[in-house]
Amino acid sequence: MTEGAVARNYALVGAALLISVVPLPQLVGLWQPPWLAVALIWLVIVAPEDARLAVAAVAGLLQDLLVGSPLGLHALAATVLVFLAANMRHWVVSSPPWLRFLLAMLMMTAYLGVVALIGGWFDYAGSWAGLASSLMTGGVLILIAFLFVRI
Amino acid sequence: MNRWTATLRADRFRRRKGPSRAGECLLICLLSFGLLVVEANFPAVQKVRGIGELMLVPVQATVRLVSGGFRGVQGYFREQSSLMRENQELRTRLLLQDVDLQQMSALKSENEELRSLHALNAQLGSNNLTAETLPGNPDPSRHRVTLNKGSRQGAFIGQPVVDSGGVVGQVTRDYLVTSEALLISDANHALNVMFERTGLQAIALGTGRRDHRLLLPFVPAHADVIQGDTVVSSGTGGLFPAGLRVGVVEDVRNSSGEAFLEAFVSPSANLENPRQVLLLRSEPPPPGAEPGPVNGDSPAAAAGS
């Protein structure tokens, strides 16, 4: 993979981080997909060499700083997500589209679950409705990505 | 084929490196969890967090700036659209209020007319018959109106019709529940009148013109008639009571060498669009009574077209 492609992939993660801090009306904000999770899943699928756990941890840490969540929360969730995605990647690429989508949803659920559960321990619990809506829009985003890009 | 082979190789490689990846993951997870615990229990770590956030201030500011600009543009269009919608609503409301206002104005005018009619009724005697005109004139070349009172209600041929302004005409046909009145401006109508100021008597002929003017022919050339003189019914014909206002002299013409003047009178009553009128309760003329040739106060002369 060329350096340009690597930079582009990391820029995608950076863009996901920036988008996640764009102030939105509450109703729209509830439906905001987990941008970082989507970007990381994407990165693992299309460029597994660049999807390092350390990168995920740093991105998660930056998200913690940007959104004001407890330090380490998103870092932990992103690390778990990338680990899962990297280990499930061979299933993802060799599966039919519907199973591919389900696997991606499973990864995203794991990410959101970690954020919700660990965040809950540290008094950073979001609403279940927000979690569900994030999962739905994240799923839609993943679906669009899988439809338009060949793996 | 090559793509699949490469993928499998990469995955095999990844699986071979699985334990170290798992270890790395475990380490990072522990560090992250530790960070969470430390931050939750040691407030001093907040300072470290503050430094980190300070470094991200430019990023946050840029994001806010971009999103603020975007919101500004969005707000501008939303405001435009909202203003247009509001404008449309206000226009509709204005239109409705205009219609209401017009109705109010019509009602006010009608109310004033009814009040005048009521006063006139009291003045002429309380046993008169009020009537309203019905829309439509089957023969536009003639000046006549249809009234909503007929012989059943007491209308009869030759009955004088007046409104708050003055003489309107007389009933020329009486049906069971409606009647037809010929206006004084109709070309076939004649009415005995006199000048209120001088007492000079004359005959007011309808001209059939659209401006409803009346013609007073054969006024002696030496007579004192000026523009603005009020003309009232003289009562000599027997149908119209004396003193009912007929109109105002608008124009006086005297062709040189002629022994008579011609005076044009503008009617005082609303002949253009009469609405509420009063049918004066006088006795019907005895059957067989023949009026004089120009005595417009007779029903036969008026209706004989």
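Hi everyone, and thanks for coming. Before we look at anything, please keep in mind that this is a predicted model.

Let's start with the whole chain. Chain A contains seven helices and zero strands. If you follow the sequence along, the pattern reads α-α-α-α-α-α-α. Of the 151 residues in chain A, 50% are buried. The accessible surface is about 7000 Å², and carbon and sulfur atoms hold 74% of that. How much of the contact in the chain links residues 24 or more positions apart? Taking the contacts with a separation of 6 or more, such pairs account for 70%.

Now let's zoom in on one pair of helices. Helix α1 of chain A covers residues 3–20, and helix α3 of chain A covers residues 35–46. Their axes lie 8 Å apart, and the packing angle is about 165°. Angles over 145 degrees count as roughly antiparallel, so that is the label for α1(A) and α3(A). As for handedness, the crossing of these two helices is right-handed.

Which residues of α1(A) and α3(A) meet? From α1(A) we have Asn9(A), Tyr10(A), Leu12(A), Val13(A), Ala16(A), Leu17(A), Ile19(A) and Ser20(A). Facing them from α3(A) are Trp35(A), Leu36(A), Ala39(A), Leu40(A), Trp42(A) and Leu43(A). Sorted by class, this contact has twelve nonpolar residues, two polar ones and no charged ones.

Technical notes: Residues numbered from 1 in each chain as written. Chains lettered and ligands numbered in written order. Predicted model: local features only at pLDDT ≥ 70, side-chain atom pairs only at ≥ 80, totals over all residues. Heavy atoms only, no water. Axes fitted to C-alpha atoms, helices over the stretch in contact; angles between N-to-C directions. Helix = DSSP H or I, 4+ residues; strand = E, 2+ residues; numbered from the N terminus. Parallel < 35°, antiparallel > 145°, perpendicular 65-115°, else oblique. Left-handed = near helix turned anticlockwise from the far one by under 90°. Contact = heavy atoms within 4.5 Å. Nonpolar A, V, L, I, M, F, W, Y, C, P; charged D, E, K, R; others polar. Buried < 20%, exposed > 50% of the residue type's maximum accessible area, 1.4 Å probe, protein only. Areas by Shrake-Rupley, 256 points an atom, 1.4 Å probe, with all protein chains shown as cover.
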